[in-house]
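Dear colleague,

Please find below the structure I am handing over to you. My notes on its fold follow directly after it.

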Amino acid sequence: MFVDNGVELLDSRHGLGVTEPVQEQTSVRVQTPSRQGPQGSNYIIMKIDLAKSELDRLVREAQQQAEEAGSRGDGPFGALLVSQDKTVVVRAGNTAITTNNAAAHAEINLLAKAGEKLKTRKLGDYMVVVNAAPCSMCMSALLKAKVTNIVFGAPPEPNMDPYITPEELAAKSRLDVAVLGGILADECVQQIARLRAARTTND
Ligand SMILES: [Zn+2]
């Protein structure tokens, strides 16, 4: 079901027990950055119900990981694993440059740390929050871990290679994946640019 502003309303097929029509603009599932709800509204990403202020808080915490990564000379990216009670359970940053490992993106490191801590590779009960759009490698890895709630800040970068957006990969998954991008996008884009500019590593 779609309303005028292009936001898909939640219905019972998402397993939330919503059988009555949802009131317009109170609870929305946002599928793309261009379909954000009005400022201050609540977002329901599958089973996780978050106010905009909470999303901002989480993205800022992912930015702290990005700040640490960028400051040590790695790619300026950070990721969080968040439980349904909105607690950050695991944090990770990019270590690709300092470990000479092209695959050591923040999300991949997050999955490894989460497996160690939680003793499971299946993370369907959690949400992942990143300061920038996951690349195709990371998005695929998140789907393999059954993560279906993904929030990010900065949009996909034009030079991403291969250029496959999180939304495109989500649409190819058998899982019902909720992707919400563009949270504090400008702040995230500026932070990434600042940290890259300050990097001394020629990479
Ligand atoms: Zn990645």
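**Strand β8 and the sheet around it**

Ile 150 stands opposite Val 179 in β9. Please note that the model is a predicted one. Helix α1 (residues 52-71) packs on the sheet, where it touches β5 (78-82), β6, β7 and β8; the direction of α1 makes about 135 degrees with that of β5.

The contact between β8 and strand β9 (residues 178-180) consists of 3 bridges, and the two strands run parallel. Val 151 is also placed within this pairing, opposite Leu 180 in β9. Together with helix α4 (residues 166-172), β8 and β9 make a right-handed β-α-β unit.

Strand β7 (residues 127-132) likewise pairs with β8, in the parallel sense and over 5 bridges. The chain passes from β7 through helix α3 (residues 136-144) to β8, in a β-α-β crossover that is right-handed. In the pairing of these strands, Val 130 stands opposite Phe 152 in β8.

As for burial, 6 of the 6 residues of β8 (residues 149-154) are buried, so this strand is largely enclosed by the rest of the structure.

The sheet as a whole is open and has 5 strands, in the order β6-β5-β7-β8-β9, with mixed pairing. Its edge strands are β6 (88-93) and β9, each of which pairs on one side only. From one strand to the next, the twist averages 15 degrees.

Finally, helix α2 (residues 106-118) lies across β5, β6 and β7, and runs at about 135 degrees to β6.

With kind regards

Conventions
Residues numbered from 1 in each chain as written. Predicted model: local features only at pLDDT ≥ 70, side-chain atom pairs only at ≥ 80, totals over all residues. Buried ≥ 20, exposed ≤ 12 C-beta atoms within 10 Å, placed from the backbone. Helix = DSSP H or I, 4+ residues; strand = E, 2+ residues; numbered from the N terminus. Pairing = 2+ DSSP bridges. Right-handed = clockwise from strand over helix to strand, strands pointing away. Axes fitted to C-alpha atoms, helices over the stretch in contact; angles between N-to-C directions. Contact = placed C-beta atoms within 7 Å.
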